[in-house]
Amino acid sequence: MFYQRVVEKTIRNAAEQFCCITVYGARQVGKTTTVRHAFGDSIPVVSLDNYQELYLAKTNPKLFLETHTWPVIIDEIQKAPELLPYIKDIIDDHKYRWLMNNEPNQLMYVLTGSNQFELQKATVESLAGRTAIINMASLSLDEKDQNLGGSFDPDLTVLKEKESLRKPRPRSRVQLFEEIFQGGMPEYVNMETDRDLFFSSYIDTYMEKDVKLLISSGSEFQFRNFLALVALRTAQEINWDDISRNVGIDVKTCKRWISILETSGLIYMLHPYMKNASTTIIKAPKLYFMDTGLCAYLCRWQDAQMLEKGVMAGAFFETFVVSEIVKSYFKVGRNPKSELYYFRTLGKKEVDLLIVRNDEIFPIEIKKGIAPSNPTKNFNSLDIYKKPVRTALVIDSCDRLFPINVHAWYCPVSLLSV
């Protein structure tokens, strides 16, 4: 089954404005399929997985680009960052000509690649201001349902309208944990291949193609342990010393390895909201895996029922909700870092998620149960920001929007799928 992706519209819109588009994302989230479907047969595709193409791109990038004239899609661009300065020069030359002739810019290059640390740096340095950068993640809930929506909006009026008009498919808690356990890797969701074989192969490919050149020789076994250890800490604040000690690495290496996971799209770092707040705010970021299926595999959960009843059920439910909201930003080309935060004080007053928009704060609590006890107890603590606090949401496994009190409403997780 082909899954239509919301980000495809974002890519097409970017093609009308930019000479270059760079689509980043973790391995096997559907970057190449989406880009090819967006442009059909109108733009040829060159994959740097082909050894001959890769050799030419690395040894003679100028000849490579003369051979593959624009417009062209270059897949796996992270393998040949040597191409980027030449692409920059070609873009600048043509943009100048079009400007002098009062002609519109044209789409020249579409680049796809894993979020490698070096590639992001090279793209920023070589193509700054010349390329639209679009992040992709694995399938979101609405894409699985093909009930395609935009970015998550916490405004209660908007949510009421979506619930009324778009009618999201309700899911029981059991069904939700089946979704969480499955994750959103398109190939796995579509083909339903052997789970252990799929994810073990995924990790092997990730280690070989994305990680090996970024870590010191002989550290591969430690990095695999590190990956599993980080998965066990999803939805937690990062404790650098704890992770370093358990893996057997120093803090500096731990921070670099976390950066590798983040730039390769496997994890998302949610930072505390610090603006105009006191020094009592916790400063450590929280870590979330972007694909709950991969995370469940790394944590060695064997089935959805065990996960739902296990000690990490709450952490996985929170990871699922946060990752779904982050995905909703990615697919419309918005940066979640500019709006998504969390709140926690040294006195342990905590709110799972803050969406800060137009200088207003939308608080969100995430609870896996139905009608959790006293879910709004910490919302008053947000007064320290001296900003308007809008109607809060408690996202749980209820079946509809329902008021808790005048300040907060229950919100079904199914509304993330519209």
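**Exercise 1.** Determine how helix α9 (residues 173–182) and helix α17 (residues 313–330) pack.

*Solution.* Step 1: the two helices, α9 and α17, pack at an angle of about 75°, and their axes are 10 Å apart. Axes are lines fitted to C-alpha atoms, for helices over the stretch in contact, and angles run from 0 to 180 degrees between N-to-C directions. Helices (H or I, at least four residues) and strands (E, at least two) are DSSP runs numbered from the N terminus.

Step 2: α9 is therefore roughly perpendicular to α17. Angles under 35 degrees count as roughly parallel, over 145 as roughly antiparallel, 65 to 115 as roughly perpendicular and the rest as oblique.

Step 3: Leu-176, Phe-177 and Ile-180 of α9 make the contact with Ala-313, Phe-316, Phe-317 and Phe-320 of α17, where contact means heavy atoms within 4.5 Å.

Step 4: by class, this contact of α9 with α17 has seven nonpolar, no polar and no charged residues. Ala, Val, Leu, Ile, Met, Phe, Trp, Tyr, Cys and Pro count as nonpolar, Asp, Glu, Lys and Arg as charged, and the others, Gly among them, as polar.

The model is predicted: local features need pLDDT of at least 70, side-chain atom pairs count only at pLDDT 80 or more, and totals for chains, interfaces and linings use all residues. Residues are numbered from 1 along each chain as its sequence is written, and side-chain values use heavy atoms, with hydrogens and water left out.

**Exercise 2.** Describe the packing of helix α12 (residues 220–231) on helix α14 (residues 251–263).

*Solution.* Step 1: the angle between α12 and α14 is about 70°, with the axes 11 Å apart. Step 2: α12 is therefore roughly perpendicular to α14.

Step 3: on the α12 side, Gln-222, Phe-223, Phe-226, Leu-227 and Val-230 meet Cys-254, Trp-257, Ile-258, Ile-260 and Leu-261 of α14. Step 4: the contact of α12 with α14 comprises nine nonpolar residues, one polar and no charged.

**Exercise 3.** Characterise the packing of α1 (residues 7–15) with α2.

*Solution.* Step 1: α1 and α2 pack at about 55°, their axes 10 Å apart. Step 2: the two helices, α1 and α2, are therefore oblique to each other.

Step 3: Val-7, Glu-8, Ile-11, Arg-12 and Ala-15 of α1 meet Thr-34, Val-35, His-37, Ala-38 and Phe-39 of α2. Step 4: the contact of α1 with α2 holds six nonpolar, two polar and two charged residues.

**Exercise 4.** Locate the cis peptide bond and the residue other than glycine with a positive phi.

*Solution.* Step 1: most residues other than glycine have a negative phi, and most peptide bonds are trans. Step 2: Trp-70 and Pro-71 are joined by a cis peptide bond, with omega about 0°. Pro-71 is found in the loop between α4 (61–67) and β3 (72–75).

Step 3: Asn-102 has a positive phi, near 55°. Asn-102 lies in the loop between α5 (83–100) and β4 (109–113).
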